[in-house]
Amino acid sequence: MARRRHEHVSNLTMPQPDPSSPILIVGPSWVGDMVMAASLVAALRARYPGRPIDMLAPPAALPMATLIEGVRNTIPLGLGHGEFGLVARWKLGRSLRSAGYGTAIILPRAFKAAIPTFAAGIPERIGYSAEGRAILLTDARPDSERKTARTIDRFVALANPREAVVARSASPSPASSSPASPRPVLRHPDAPSAELLDKFGLVGKGPVLGLCPGAEYGPAKRWPAEKFAGLARLAHGRGYRVRLFGGPKDRAITAEIADKAGVPVDDLAGRTSLVEAATLLSACDVVVSNDSGLMHVAGALDRPLVVLYGSSSEKMTPPTAPNAEVVSLDLSCRPCHKRVCPLGTLACLEGIDPVTVFAAVNRVADTARRAGSSIA
């Protein structure tokens with residue numbers, strides 16, 4: 001009861017921001033979550049059409065914000081993933097005081113994520129209540145649906161009036177459901193230039209199949225390399241050019257796939273910037289991916305998409321592309337949301353065979369052709 005009284009008082013005394021003041025979003029560290037933050041930006045633009053929106057985030061995810069329509073400025077948080085950096089966060093916040101932000105929305109649940117907005121003296125600071133950080137927020141929201149709601153819905157809820165969120169948390173029912181969240185969409189990059197294609201030696205004709213075999217969260221989200229290799233062989237046999245996408249940490253996986261495939265593939269892992277990867281993904285006719293950041297990038301670029309789910313849930317982080325198909329197994333042990341399979345079997349992914357996935361590739365490709373959206 002004491003906590004509810006505190007929240008009620010906080011709501012009554014919350015300062016009202018200047019209706020024309022900029023909004024600062026403290027963005028996530030993960031690429032996929034940054035893509036999903038595009039839904040929040042769209043919701044904010046609809047509710048506050050005259051207020052500029054800036055994004056503060058770590059360098060690993062920040063490049064994606066440059067492709068989100070409505071983000072005015074991007075501000076790098078020069079700290080590594082998991083680094084607390086109290087002094088650096090405080091100094092950054094103090095440097096933002098002159099920007100005149102009226103509202104801050106803090107997407108990460110960590111205590112440290114709220115420090116810069118508090119140091120900046122932003123009058124309205126909205127975020128989910130976690131890690132005892134309510135003292136840094138003017139509007140600490142309940143987060144009872146964290147393990148059941150879609151990530152984009154949780155993000156978009158922070159753009160809604162507090163009363164709607166508290167009511168939904170206290171009595172979730174169809175009557176209290178919020179309107180559907182806008183789908184995350186990225187600004188479509190220009191078609192890959194001849195210079196970009198030459199830079200990575202991407203030559204040849206025919207449809208392109210993009211494979212995204214990484215998942216930074218952990219191996220329990222990664223379809224095995226030999227399975228991706230089998231899919232590459234099937235696709236090559238049907239005339240596809242196969243491209244492997246990923247970051248520097250995915251090089252070992254993509255090298256293994258390229259070696260086991262036994263057919264020509266373009267291994268781009270660790271060679272492209274994030275924006276270059278997005279540009280090249282936008283030119284793929286179909287993308288097959290684990291539940292990863294690049295999956296969300298491809299989906300927000302409207303690519304025909306096949307997504308493989310292991311330890312994670314297709315209900316919480318589903319593909320949002322208009323033409324997408326999920327491949328998963330209905331096992332009692334999934335979704336476990338673990339980084340490493342607790343049973344040591346990886347049965348949820350080992351049981352998915354390349355033939356099944358390639359059939360899904362053919363279905364989304366046929367849908368794209370009927371809609372006239374195929375690049376090839």
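The following legends describe close-up views of a predicted model.

**View 1. The open parallel sheet of the predicted model.**
Six strands, in the order S3-S2-S1-S4-S5-S6, form an open sheet with parallel pairing. Strand S3 (71-76) and strand S6 (139-141) are the edge strands, each pairing on one side only. Direction ignored, neighbouring strands of this sheet are turned by 20° against each other on average.

**View 2. Pairing of strands S1 and S4, with helix H2 on the sheet.**
Strand S1 (residues 23-26) pairs with strand S4 (residues 103-106) in the parallel sense, over 4 bridges. Within this pairing, Val26 has Ile106 of S4 as its bridge partner. Helix H2 packs on the sheet and touches S1, strand S2 (53-57), S3 and S4. The direction of H2 makes about 155° with that of S2.

**View 3. Contact between helices H2 and H12.**
The axes of helix H2 (residues 31-47) and helix H12 (residues 293-300) come within 7 Å and cross at roughly 30°. Angles under 35 degrees count as roughly parallel, and H2 and H12 are therefore roughly parallel to each other. Their crossing is left-handed. On the H2 side, the contact is made by Val31, Gly32, Val35 and Met36; on the H12 side, Gly293, His296, Val297 and Ala300 take part. By class, the contact of H2 with H12 has 5 nonpolar and 3 polar residues, and no charged residues.

**View 4. Contact between helices H9 and H14.**
Helix H9 (residues 225-237) and helix H14 (residues 354-371) have axes that come within 9 Å and cross at roughly 50°. That angle makes H9 oblique to H14. H9 passes H14 in a right-handed crossing. H9 contributes Lys227, Gly230, Leu231, Leu234 and Ala235 to the contact, while H14 contributes Pro354, Val355, Val357 and Phe358. The residues of this contact of H9 with H14 divide into 7 nonpolar, 1 polar and 1 charged.

Thr272 is found in the loop between strand S9 (266-267) and helix H11 (274-281). The relative accessible area of Thr272 is 17%. Buried means under 20% relative accessible area, and Thr272 is therefore buried. When residues up to four places away in sequence are not counted, Thr272 touches Phe200, Ala277 and Leu280.

**View 5. Backbone geometry in the loop between S12 and H13.**
Most residues other than glycine have a negative phi, and most peptide bonds are trans. The peptide bond from Arg334 to Pro335 is cis, with omega near 0°. Pro335 lies in the loop between strand S12 (324-327) and helix H13 (347-350). His337 is placed in the loop between S12 and H13. Although His337 is not a glycine, its phi is positive, at about 60°. His337 is partly exposed, with a relative accessible area of 37%.

**View 6. Positive phi at Asp302.**
Asp302 is located in the loop between H12 and strand S11 (305-308). The phi of Asp302 is positive, at about 65°, although Asp302 is not a glycine. With a relative accessible area of 35%, Asp302 is partly exposed.

Technical notes:
Residues numbered from 1 in each chain as written. Predicted model: local features only at pLDDT ≥ 70, side-chain atom pairs only at ≥ 80, totals over all residues. Heavy atoms only, no water. Axes fitted to C-alpha atoms, helices over the stretch in contact; angles between N-to-C directions. Helix = DSSP H or I, 4+ residues; strand = E, 2+ residues; numbered from the N terminus. Parallel < 35°, antiparallel > 145°, perpendicular 65-115°, else oblique. Left-handed = near helix turned anticlockwise from the far one by under 90°. Contact = heavy atoms within 4.5 Å. Nonpolar A, V, L, I, M, F, W, Y, C, P; charged D, E, K, R; others polar. Buried < 20%, exposed > 50% of the residue type's maximum accessible area, 1.4 Å probe, protein only. Pairing = 2+ DSSP bridges.
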